[in-house]
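Here is a short tour of one protein model and the molecule it holds. Have a look at the structure first, and then we can walk through it together.

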Amino acid sequence: MTEERALLEARQVFRGFFGNPVLKGVDIALLPSRVHALLGENGAGKSTLINLLSGALQPDGGSILVDGKPVERFSPAAARSAGIAVVQQELSLTASLSIAENIGLAAFPRRFGLIDYRALYRGVSDVCDMVGLTEPLDMPVADLALGRRQMVEIAKALFRKPRVLILDEPTSSLSAHEAGILARLIETLKDRGTALLYISHRLNEVQALCSHVTVLKDGLVTADQSLSGIDGEGLVRLMVGRETGDLFPPRSVTAPGAMRISIEGFSAGMVRDVSFSARAGEIVGIGGFHGAASTKQPAARFHRRPFPARGRRLHHRPAGPPPGRHAIHS
Ligand SMILES: Nc1ncnc2c1ncn2[C@@H]1O[C@H](COP(=O)(O)OP(=O)(O)OP(=O)(O)O)[C@@H](O)[C@H]1O
Ligand SMILES: [Mg+2]
C-alpha cells in the first residue's frame with residue numbers, strides 16, 4: 001500500500017468557512033521522491049488543503065498523518081518539527097529585514113545573547129546559492145523585485161532541510177530563468193528523497209515536473225493518479241472535467257464599432273511612449289513581464305495612482321523621452 005510509505009497524508013479531511021464547505025472528504029498522500037501536483041480551478045480548495053497539511057488550519061473532520069501516524073491538533077510547530085516546509089501563495093517575508101534575516105528567522109544563531117551574523121551568513125549562503133540568489137545577504141528584502149523575493153521565500157523553506165516541501169503557485173512571479181532554477185532544484189530534492197507537492201495553474205510545468213496528480217473539484221478529489229501518458233489536453237480534461245473544445249464559446253466575428261479610446265505616444269512615470277486603441281466591441285489585451293509596467297499603464301491612463309513609488313527606484317529610471325509627450329483621444 002502506498003499509504004504506508006507516505007511522509008504526510010490527509011485522510012477524509014473536511015473543512016469549511018462560515019458554514020460553506022470547501023473540502024468534503026479529501027484524501028492525499030505525499031510520498032518520498034515524488035513530485036505530486038495538486039490541481040483545481042480557482043477556489044477549489046488547494047490552498048485550504050495545504051493549510052491543513054501544514055497545521056495552519058485545523059480540519060473540521062478527518063485526520064492528518066505524519067509517517068503513517070495520525071497527529072492530534074496538528075500545528076505549524078508540529079509541522080516544522082516533522083520536516084514540513086511550505087512556500088505559501090502569498091509571500092510571508094518581512095520587508096524591513098535582510099535576505100539572511102528572513103531566511104534564518106525561525107532559528108537565529110546566537111552568541112552571548114546576540115544574533116551571530118557571521119554564523120547566519122555562513123548558514124544561509126548554501127541555500128542562497130541553490131536558488132541563485134547573488135544579492136548581498138544583508139540587503140533588505142524591500143529592495144528586491146517580486147521574483148527575487150519569491151526566491152528568498154523558497155530559500156527560507158529549503159533552509160529547514162524539509163522532508164516534505166509544499167509549493168503553492170511558486171512560479172507566478174518568477175522569470176523564465178528563475179523558474180528554470182526552481183525546476184532543477186525540484187529535481188535535486190526529488191532525487192534526495194524529498195516529498196514534493198506542487199500547485200500551479202501552468203499545466204506545462206506540471207507536465208514537466210510532476211509524476212502524480214490529485215485534482216480537486218467541488219470539494220472532492222476527482223482524480224488521484226499517475227501522470228505518465230497524460231498529455232496537455234488530458235491534464236485539462238482531468239482538471240475541468242470536460243473536453244477542452246467546450247472551454248471557450250465559439251468566437252463570433254463581428255465588425256468592431258466606433259473608436260472608444262485611442263492613445264498615442266503616452267508617457268507617465270515608468271511608462272514610455274505607449275500607443276494603443278480600442279473600438280466598441282473589442283477586448284484589448286495588455287501583456288508583459290512582471291515589472292514591465294503593464295498594470296501601471298491603464299492605471300496611469302485613468303489617473304489612478306498605480307503603486308506607491310519607492311524613492312530609491314527613482315534613481316534607476318530608464319532613459320527616455322520626458323513625461324507628458326502624449327496625446328489622448330477618447
Ligand atoms: N480564511 C478564509 N475565510 C473564508 N473563506 C475562505 C478562507 N480561505 C479560503 N476561503 C474560501 O475557500 C474557498 C477555497 O479557497 P482556496 O484559497 O483554498 O482555493 P484555491 O484552490 O487555493 O484557489 P486559487 O487557485 O485561486 O489559489 C474559496 O471560496 C475561498 O474564498
Ligand atoms: Mg490558492
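How far is an oxygen atom of ligand 1 from an N or O atom in the side chain of Gln 89? The distance is 2.9 Å. Please keep in mind that this is a predicted model. The points below start with the ligand, go on to a pocket and finish with a pair of rings.

**Around ligand 1**

- Gln 89 is one of the 13 residues around ligand 1, and it belongs to the group that comes nearest, together with Gly 43, Lys 46, Ser 47 and Thr 48.
- The side chain of Lys 46 has an N or O atom 2.7 Å from an oxygen atom of ligand 1.
- For the side chain of His 201, the corresponding distance from an N or O atom to a ligand 1 oxygen is 3.0 Å.
- On its own, ligand 1 exposes 640 Å², of which the protein buries 60%.
- Helix α1, spanning residues 46–53, gives the largest share of the shell around ligand 1, with 3 residues.
- By residue type, the shell around ligand 1 is made up of 7 polar, 4 nonpolar and 2 charged residues.

**The second largest pocket**

- The volume of the second largest pocket is about 320 Å³.
- This pocket is lined by 17 residues, and Arg 80, Ala 85, Val 86, Gln 88 and Arg 160 are the closest to its centre.
- Helix α2 (76–81), strand β6 (84–87) and helix α5 (146–159) are the elements that give two or more residues to the lining.
- The lining of the second largest pocket divides into 10 nonpolar, 4 charged and 3 polar residues.

**An aromatic pair**

- The model has 1 aromatic pair.
- The ring centres of Tyr 117 and Tyr 121 are 5.9 Å apart and the ring planes meet at 50°, so this pair counts as tilted.
- Tyr 117 and Tyr 121 are separated by about one helical turn because they are 4 residues apart in helix α4 (residues 117–130).

Key
Residues numbered from 1 in each chain as written. Chains lettered and ligands numbered in written order. Predicted model: local features only at pLDDT ≥ 70, side-chain atom pairs only at ≥ 80, totals over all residues. Heavy atoms only, no water. Near = heavy atom within 4 Å. Polar contact = N/O pair within 3.5 Å; in protein donor to acceptor, adjacent residues only side chain to side chain. Areas by Shrake-Rupley, 256 points an atom, 1.4 Å probe, with all protein chains shown as cover. Nonpolar A, V, L, I, M, F, W, Y, C, P; charged D, E, K, R; others polar. 1 Å grid on protein atoms, 1.4 Å probe; cavity = no way out; pocket = protein on both sides within 12 Å on 5 of 7 lines; lining within 4 Å. Points joined across faces, edges and corners; volume = space filled by probe spheres on them. Phe/Tyr/Trp six-rings, centres within 6.5 Å; stacked < 30°, edge-to-face > 60°.
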